[in-house]
Amino acid sequence: MEFTGDYHMHSKYSDGRATVSEMVNSARLKGLRSVAITDHGPHNVGTGVEKASTFLDIKKELRELSDEYSDINIFCGCEADITGLNGEIDVPQEISKHLDVFIVGLHPFARPNHLADLWALNGRNQAARISQGARRKVTNSNTKTLVLAMENNSINIISHPGLGMPIDVAEVASACVRNNVYYEINCGHSFPPLEDVLEAKRQGVEFIVDSDAHFVESVGRLDYGSRILEQAQIAPEQVINTALGGKALPWEK
Ligand SMILES: [Zn+2]
Ligand SMILES: [Zn+2]
C-alpha cells in the first residue's frame with residue numbers, strides 16, 4: 001500500500017529521540033508528501049511536553065522548516081492525553097485551535113486532572129490485567145471516557161484505540177463515525193489486532209495508518225498497516241492517507 005503522509009510522531013520536545021528538523025528531514029528522505037509532528041500532551045508523566053504552550057514553539061519551528069522546504073507539507077499537531085472521566089484532555093482549546101492535527105489517546109500513565117479519577121483512569125487499568133471483573137468495569141469506563149472526549153472536542157484521530165487500556169471497539173468505532181474521527185492503525189505498536197480492525201471496518205470507520213515514530217529510522221515505517229489492512233480486506237481507497245484515498249484531509253484543505 002502506498003502512503004502519502006505520516007501524521008503521528010514524536011520529537012525531543014516529548015519522548016522522541018530526534019529534533020523536529022531531523023524528523024521532518026527523515027520524512028523528506030523517505031519520499032513522504034506530508035508529515036506531522038505530534039508530541040505528547042503535558043500530562044503524560046515523564047514524557048509529555050513541558051507545558052501546553054510548548055506546542056506553539058514547535059509550530060514556529062515547523063513553520064520555518066516549511067519556508068525552507070517546498071518538497072513536503074509540514075503540519076503541527078499534538079497527541080493529547082485524556083485526563084478526566086468526562087473526556088477532559090490536557091491540551092486546552094486556546095492551544096489546540098492553532099494546531100493542524102489533533103490526536104487524542106488514552107494512556108495508562110497520564111496524570112488526571114482530579115485525584116478522584118486516578119483509580120478509574122490508571123489503577124483499575126492495571127488491576128484489569130489480573131481480574132476479569134475489573135476488566136469489564138474498566139472497559140466500560142475507558143469506552144465512555146473516549147466517546148465523551150470525541151463528543152466534547154474537535155478531534156481528528158484517536159491514537160492506538162485500546163492499547164494497554166481495553167475498550168469496546170464497536171462503540172468507540174461507531175463514535176468515530178458519528179464524530180468524523182479517524183481510527184488509527186498504529187505501526188509503532190503493531191496495534192490494533194486483526195479482530196479490532198474487522199470490527200471497526202464493520203462500523204464503517206475511516207482508517208489512518210501512522211508510524212508513531214520516536215526515532216528518525218521509524219518515520220514512515222507503515223508496513224504493519226499494509227499487512228493488517230490486507231488481511232482485513234480493506235482497500236486502499238478506505239484509508240485516508242494512501243495515494244488512492246483521494247480525499248483531502250481536514251488539515252490539508
Ligand atoms: Zn500514544
Ligand atoms: Zn504517540
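Glutamine 233 counts as exposed, with 8 C-beta neighbours inside 10 Å (exposed: 12 or fewer other C-beta atoms within 10 Å of the residue's own; buried: 20 or more; partly exposed: in between; C-beta atoms are placed from the backbone). The model is predicted, and local features need pLDDT of at least 70, side-chain atom pairs count only at pLDDT 80 or more, and totals for chains, interfaces and linings use all residues. Residues are numbered from 1 along each chain as its sequence is written, while chains are lettered from A and ligands numbered from 1 in the order in which they are written.

Glutamine 233 lies in the segment after helix H8 (223-231) (helices, H or I of at least four residues, and strands, E of at least two, are DSSP runs numbered from the N terminus). Its phi is positive, about 55°, although glutamine 233 is not a glycine. A positive phi, near 45°, is also found at serine 190, in the loop between S6 and H7. Serine 190 is partly exposed, with 15 other C-beta atoms within 10 Å. The loop between strand S6 (182-186) and helix H7 (194-203) also holds proline 192, which is joined to phenylalanine 191 by a cis peptide bond with omega about 0°.

Of the 9 residues of strand S3 (residues 73-81), 8 are buried. S3 pairs in the parallel sense with strand S2 (residues 34-40) over 7 bridges (pairing requires at least two DSSP bridges between two strands), and serine 34 stands opposite asparagine 73 in S3. Parallel pairing also links S3 to strand S4 (residues 101-105), over 5 bridges; there, aspartate 81 has glycine 105 in S4 as its bridge partner.
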